[in-house]
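Subject: Handing over a structure

Hello,

Here is the structure I promised to pass on to you. Please open it first, and then read on for what turned up in it.

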Amino acid sequence: QRLLELAERDLGPPPVPYCFMALGSMARDEQLLVTDQDNALVLDDSFDPVQHDGYFLKLATFVSDGLAACGYSYCKGGIMATNDQWRQPLRVWKAYFTQWIDKPNAATLLNSSIFFDLDGVYGELELVQALQTLCAQKSSASPAFLTAMARNALNRTPPLGFFRTFVMETDGRQKQIINLKGRGTAPLTDLIRVHALACASTAQNSVDRLEAISATKLMQPAAIEHLRYALEFLSMVRIRHQADAIEQGQQPDNYIEPERFSSSERHNLKEAFQVLSHAQKFLRFRYPGIVRHTR
């Protein structure tokens, strides 16, 4: 918000109303220490690119550079308001979302997994609220889209093998590691998103989404409580791991070494991953057209 205030101070008042939109983990209020910036601009439908886009490109560049200076690295995938595609009037955003839901494919499903976590940060917030409503209403009415999103949510499985043993990767230093985000928190937020969209919820935070899901009776209360526990526990392990790295003067990341954990901590990790495994089985049951993926 402060960066946008400073940008407006330097550039002058905006020529048309707009809203700066946060996406992904920032929109969910779930950003940790290792993160990049995902953002976009929703402009009023009176926006004329010839007359107005120069202003908004400068504003987007000012904010993106400022975020980078504060430690939020530029998005490698270009999901930033500096990208012309993601600096559009509301009618274009509505057309984007409608197409992604009506005709899902690999590229648009990736977009949906990012852009369907959205929150207005600054400006005319009703512009983003209109997109939240559209997303919830159209998604909940599209079984084909929900099935496609569910299929994507099952692409990343928890790192558990037979007899609940850890399935680990080897890094360049030959250490046995687990990607706690890629095999834990990310697939959890993915499947929670699918259920929330099915319930036509406009909630963005994963815990808020679980509350919305609970209100619809789509899942048993115990299953929802287990999901909340798993998400909170794995998130805390990530936070502690990244904080420890910073204290030791190392670059924080999402890769943990289970052998460094106590036996009780490893047990709790396995419990959390088991919750994810059960939740993915339920998702597969709810959308039976899905072909099983293992990765």
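Aspartate 117 and arginine 193 join their side chains in a salt bridge, with N and O 2.8 Å apart. Please keep in mind that this is a predicted model. Aspartate 117 also forms a salt bridge with arginine 28, where the closest N and O atoms are 2.7 Å apart. A search of the whole structure finds 16 salt bridges.

Now for the wider setting. Where the domains meet, 17 residues of domain 1 are in contact with 20 residues of domain 2.

How much area is buried between domain 1 and domain 2? The figure is about 1500 Å², and carbon and sulfur atoms give 58% of it. On the domain 1 side, the residues that lose the most area to domain 2 are Leu32, Val34 and Leu109, which together make up 37% of what that side buries.

The polar side of this meeting is worth a look too. Between domain 1 and domain 2 the count is two salt bridges, and there are seven residue pairs in polar contact, both residues being at pLDDT 80 or more. On the side of domain 1 that touches domain 2, α5 (106-115) and α6 (125-140) each supply at least two residues. The largest share of that side comes from α5, with four residues. By type, the residues of that side of domain 1 divide into nine nonpolar, four polar and four charged.

Finally, a few words on the chain as a whole. The protein chain has eleven helices and seven strands. Its C-alpha trace spans about 65 × 50 × 30 Å along the principal axes. The radius of gyration of the protein chain is 20 Å, which agrees with the value near 19 Å that a compact globule of 295 residues would have.

Enjoy exploring it!

Best wishes

Methods:
Residues are numbered from 1 along each chain as its sequence is written. This is a predicted model: local features need pLDDT of at least 70, side-chain atom pairs count only at pLDDT 80 or more; totals for chains, interfaces and linings use all residues. Side-chain values use heavy atoms; hydrogens and water are left out. Contact means heavy atoms within 4.5 Å. Buried area is the accessible area (1.4 Å probe) that two parts lose on being put together, summed over both. A salt bridge is a side-chain nitrogen of Lys or Arg within 4 Å of a carboxyl oxygen of Asp or Glu. A polar contact is a pair of N or O atoms within 3.5 Å; within protein, one must be able to donate a hydrogen and the other to accept it, and residues adjacent in sequence count only if both atoms are side-chain atoms. Ala, Val, Leu, Ile, Met, Phe, Trp, Tyr, Cys and Pro count as nonpolar, Asp, Glu, Lys and Arg as charged, and the others, Gly among them, as polar. The radius of gyration is taken over C-alpha atoms; the globule rule is 2.2 Å times the number of residues to the power 0.38.
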